[in-house]
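Colleague: Could you show me how to read a protein model, one feature at a time?

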Amino acid sequence: MNLGKRLTVMRLVTGLSTMAMLAFYSTSNDTNSTNGMSFSSWRQEQHVERQVLVSPLEVTNDIAVSSDTPKKYGAKEFGSMLPESYRQNNYCEIDSKDHNMQCRQVLGQSALKSKPHWHFFGDSQMATMVLMLSTHHYPYEVTIKKGEAIPTGRCELGKYFNMRMSDVWRQPDEKRLQGPVVYGKDNPFCSDMNGWGPYKIGDGKRSLEFLNVEFAQDVEIQTATTTTTQEAAALYLKNDNKEDHVCVVNAGLHDQAVPKSPDVPQDQFVNNVKSYLKLLDSVCGNLVWVGITEVRELDPTRFPQRNAISLKWNKEVYSMIASTFPNNSFIIDVWDESVAAPFKGAQNIHYTRHYYDKFATLFASLV
């Protein structure tokens, strides 16, 4: 979603001589500070502002695909490959046409229902959905706010964690499929992803939090005691009762932008996700993995994400999660819904507001 941001194209240098480019959002400094106003006033102002900012653009090149159309990629069969019990009780596919009823039933009858603290990790797609949830669908009064959803810079996460950063920042290891790859690689302790920052809302007893962690493994945030952003996030979330906490996680599209080394193991992404979720398993009683979405597959010299890779990673990650975290994990598959969703303008990854808004209503029924 645009949300008042201008599109910035940033270049990636691969091991080849080709210049690959990723499309990210950069944000204008159009977000008012809460200084001098009550949070309720801020929330009301943000609600009105978002109504304007997220309105669909008038474009002529949106690709509208009905969910009734035959799937472009053949039978995906993610669910059928999972163990029967897990598929019945821990896996669902969103479908806005029936108000995500399958996911509401599967997840609504699970241990997730009404857990007090929800933490969302991901890129701009997750950020857009959480913004819809926090500004339009969060069912509780908000009296406490920390951070900014749309900050003016890219280097907020380390400050938000309030940890002492490492004296020496080491470069990412491409052999381990580590980010960052663009801005964050040249600016220590900063994020590749622009336009989104960490924030939390709540009332002291309940909370909803977004952390801008766009890779399955990256070294953007290195502290005195941790070497990856994922380790730092788990340390930040350390608590006395993990059963009160739910971690909702997505990664994959930014990971595909990491320059490919011939020495990268075929299962490196899956291993990175496994390590990531094991860290979060120590602080969250339940884990929710959100699958990778379809992309438009524009010019590969500019946009490295490929649907064949996303489908492969979805299948492998789903299988790993079901076997490694069989009792406390859930998988929300979004592939078919993303195939049916219209892209936002000429963008490669992002969809129009409807996709994120309908997804947000699912979590509103759970928190």
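Predicted model: local features only at pLDDT ≥ 70, side-chain atom pairs only at ≥ 80, totals over all residues.

Modeller: Residues are numbered from 1 along each chain as its sequence is written, and side-chain values use heavy atoms, leaving out hydrogens and water.

Colleague: How many helices and strands does the chain have?

Modeller: Helices (H or I, at least four residues) and strands (E, at least two) are DSSP runs, numbered from the N terminus. Here there are 11 helices and 10 strands.

Colleague: How do I describe two packed helices?

Modeller: We give the angle between their axes and the distance between the axes. Axes are lines fitted to C-alpha atoms, for helices over the stretch in contact, and angles run from 0 to 180 degrees between N-to-C directions. Helix 4 (residues 124-137) and helix 11 (residues 353-364) pack at about 60 degrees, with axes 8 Å apart.

Colleague: Which residues of helix 4 and helix 11 meet?

Modeller: Contact means heavy atoms within 4.5 Å. Among them are Met129 and Leu133 in helix 4, and Tyr356 and Phe359 in helix 11.

Colleague: Is His117 buried or exposed?

Modeller: Buried means under 20% relative accessible area, exposed over 50%, partly exposed in between (1.4 Å probe, protein chains only). His117 counts as buried because its relative accessibility is 17%. This residue lies in strand 4 (residues 117-121), and its contacts include Ser207 and Asp244.

Conventions
Lists of a residue's contacts leave out its neighbours within four places in sequence.
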